[in-house]
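Biologist: I'd like to learn how to read a structure like this one. Could we go through it feature by feature?

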Amino acid sequence: MRVLLTSSWSGRQERPIFPLGLAHLASCLKKHQVICVDVNVVRDPWSELANAIRDFQPEVIGISLRNIDTTQAHDVFSYWLPFAKMVRWLGAQAPDIPVIVGGTGFSLFPEEIMRRLPEIELGVYLEGEESFPELLDNLDNPHLVRGIFHRQNGEVIFTGLRPPPNLDDLPLPQRDVWDLPSYLKEPSQLGVQTKRGCCFGCIYCTYPLLSGKRVRVRRPQAVVDEIESLVDRYGVRRIFFADAIFSFPSDHAKAICQEIIDRGLDIKWRGYWREKDLDAELASLAHRSGCDRFQFSPDGFSDASLEQLGKGMRLEEIKAAYSVLARIKDARFETAFLFNYPGARWNDLLDLVALVLELKIKNRNFLFPHVTNIRIYPHTELHKLVTKEKYIRLDDDLLLPVFYDPFPLNMISVLIRGLYRSARMMGRLRREVGQRRIIGGGRWGLRWVRHYDRVKE
């Protein structure tokens with residue numbers, strides 16, 4: 001079968017992100033003819049798609065909706081709207097070709113998306129490496145395949161959950177079907193997964209839904225085999241570990257770092273870290289293996305906020321991790337905090353400022369903080385909480401970004417967003433002057449809670 005795979009159109013100019021999920025999917029379609037088009041790295045996405053459909057004559061078109069929005073209150077942008085435009089365009093251009101949608105953005109709102117977009121015939125829920133190939137063998141009988149949304153008598157029907165795959169049983173992602181040079185321009189980096197699943201209890205997080213509450217790890221040797229092939233075959237020098245948290249389990253993270261060191265791989269890499277996992281041994285191994293920036297998201301900045309957000313950590317553990325990095329030359333790190341969380345108090349602003357100032361004064365490796373509000377997603381503890389307190393209704397539309405930011409602390413949030421946008425704008429201007437070129441992307445207008453840009457019907 002001829003299968004065309006494509007990423008959802010982002011709707012604006014952004015740094016190219018390699019479609020890792022589709023690369024994993026493509027590697028599982030060996031008995032099919034597959035071409036891949038990323039509309040986000042071409043000059044004219046509609047012409048590129050039209051040409052691919054005309055020349056390849058696909059029997060199925062698969063679209064990955066990776067993110068539903070940016071999740072950032074200082075940069076509110078909905079990817080759902082450009083995605084809807086793309087699906088409707090395909091429905092008009094190629095009405096006889098089945099459109100199948102998947103990806104994490106789709107899996108957050110599968111029924112709602114399919115109800116709104118009748119052009120979508122089928123949806124792949126959660127991980128698709130096993131369900132998508134099986135679906136291609138049963139296009140006329142999708143009810144036989146678990147993990148699929150399909151239409152029956154005008155209703156959207158789900159065939160039921162299927163067990164997640166064993167990661168070591170999956171083939172390596174197929175990257176040569178993509179235009180790799182488009183993703184290798186600085187400061188871009190290729191993603192590599194070392195695990196899936198998240199066993200922690202952050203009240204706002206969708207990872208336990210999307211990849212399961214049980215952490216499934218890949219063998220460290222297999223992870224580094226993949227990295228080594230990227231270095232040898234494509235000259236890749238920058239890696240991003242696309243895990244919910246790279247540092248957990250810490251023994252697994254240490255084994256990967258040691259394997260990179262033992263093989264003498266000359267790479268730089270980044271990933272997401274949890275402060276509670278970081279000891280001196282892991283920090284040293286990570287830095288020696290090429291980690292040039294540690295990215296943390298403690299979210300809370302006091303014991304009270306950490307407890308309310310379900311982080312399972314104390315402030316002293318967070319500070320201890322940063323102290324470990326302070327003792328390593330050039331072990332740069334950045335942090336992300338959530339302001340105006342449920343149960344927030346006025347003195348939270350003082351707690352946040354005090355922690356940031358302490359880090360700036362005492363730790364030369366601290367780069368900068370990210371501060372935002374919490375994006376409300378369905379199927380989370382936060383969603384249950386805010387519906388009980390009637391901040392939103394149970395049937396409120398969450399496809400467009402909705403942030404938890406109640407009065408009166410939302411007045412401080414407006415100030416924080418303004419300061420953050422100003423800092424980003426100054427950084428862009430400095431780069432523009434230094435490099436004598438325009439840096440694309442970004443919207444600077446003040447937005448409030450929801451992004452109401454409309455896609456033409």
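Modeller: On a 1 Å grid over the protein atoms alone, a cavity is a set of points where a 1.4 Å probe fits but cannot get out, and lining residues have an atom within 4 Å of a point. Grid points are joined across faces, edges and corners, and the volume is the space filled by probe spheres set on the points. Here, the second largest cavity comes to about 40 Å³. Before going on: this is a predicted model, where local features need pLDDT of at least 70 and side-chain atom pairs count only at pLDDT 80 or more, while totals for chains, interfaces and linings use all residues. Residues are numbered from 1 along each chain as its sequence is written, and side-chain values use heavy atoms, leaving out hydrogens and water.

Biologist: Which residues line the second largest cavity?

Modeller: Among them are Lys195, Cys198, Phe200 and Phe248. Ala, Val, Leu, Ile, Met, Phe, Trp, Tyr, Cys and Pro count as nonpolar, Asp, Glu, Lys and Arg as charged, and the others, Gly among them, as polar. By that scheme the lining has seven nonpolar, one polar and one charged residue.

Biologist: Next, rings. How many aromatic pairs are there?

Modeller: Rings of Phe, Tyr and Trp (its six-membered ring) pair if their centres lie within 6.5 Å; planes under 30 degrees apart are stacked, over 60 edge-to-face, and the rest tilted. The count is 25 aromatic pairs. Take Phe241 and Trp269: their ring centres are 5.0 Å apart and their planes at 70 degrees, so this pair is edge-to-face. Phe241 sits in strand 11 and Trp269 in strand 12, so the pair ties together parts 28 residues apart in sequence. Strands (E, at least two residues) and helices (H or I, at least four) are DSSP runs, numbered from the N terminus.

Biologist: Is Trp269 buried or exposed?

Modeller: Buried means under 20% relative accessible area, exposed over 50%, and partly exposed in between (1.4 Å probe, protein chains only). Trp269 has 0%, so it is buried. Phe241 is buried as well, at 0%.

Biologist: And where is Asp405?

Modeller: Asp405 is in the loop between strand 17 and helix 15. With a relative accessible area of 4%, Asp405 is buried. A polar contact is a pair of N or O atoms within 3.5 Å; within protein, one must be able to donate a hydrogen and the other to accept it, and residues adjacent in sequence count only if both atoms are side-chain atoms. The Asp405 side chain makes one with the side chain of Asn373 at 3.3 Å, and another with that of Arg417 at 3.4 Å.

Terms used. On a 1 Å grid over the protein atoms alone, a cavity is a set of points where a 1.4 Å probe fits but cannot get out, and a pocket is an open set with protein on both sides within 12 Å along at least five of seven lines; lining residues have an atom within 4 Å of a point.
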